[in-house]
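Biologist: I'd like to learn how to read an annotated site and the sheet around it. Could you walk me through one?

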Amino acid sequence: MGSSEPLPIADGDRRRKKKRRGRATDSLPGKFEDMYKLTSELLGEGAYAKVQGAVSLQNGKEYAVKIIEKQAGHSRSRVFREVETLYQ
């Protein structure tokens, strides 16, 4: 055998890593309650979620917030499909 030094790997032979999809909460510095205050205004309600008004504590702007309820008995796949729809 020849030299015991490692062989160089050409750039084209490297495997490309999958780009990790970020979550909406990854970029937030704190909890939801630290950034927004929910209002009593209920804008809509469905089988797995409700939409409620909220006010940003940082700038006072009003937003609509979709709250997905995590309860036993809800189909896990349907809840995840709902979350995926929100990402799109």
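Modeller: We'll go from the sheet to the annotated residue. This is a predicted model, where local features need pLDDT of at least 70, side-chain atom pairs count only at pLDDT 80 or more, and totals for chains, interfaces and linings use all residues. Residues are numbered from 1 along each chain as its sequence is written, and side-chain values use heavy atoms, with hydrogens and water left out.

Biologist: In what order do the 3 strands of the open sheet come?

Modeller: In general, strands of a sheet pair through backbone hydrogen bonds, either parallel or antiparallel. Strands are DSSP runs (E, at least two residues), numbered from the N terminus, and two of them pair if DSSP finds at least two bridges between them. Here the order is β1-β2-β3, with antiparallel pairing. β1 (36–45) and β3 sit at the edges, each pairing on one side only.

Biologist: Over how many bridges do β2 and β3 pair?

Modeller: Strand β2 (residues 49–56) pairs with β3 over 7 bridges. Val 55 is opposite Glu 62 in β3. Their hairpin has 5 residues between the strands, and Gly 60 takes a positive phi near 80° there.

Biologist: Where does UniProt place the "binding site"?

Modeller: The unreviewed entry puts it at Lys 66; UniProt positions follow the numbering used here, feature names are shortened, and annotations may be inferred rather than shown by experiment. Lys 66 lies in strand β3 (residues 62–68).

Biologist: What does Lys 66 touch?

Modeller: Contact means heavy atoms within 4.5 Å. Leaving out residues up to four places away in sequence, Lys 66 touches Ala 49, Lys 50, Val 51, Glu 82 and Leu 86.

Note on methods. Helix = DSSP H or I, 4+ residues; strand = E, 2+ residues; numbered from the N terminus.
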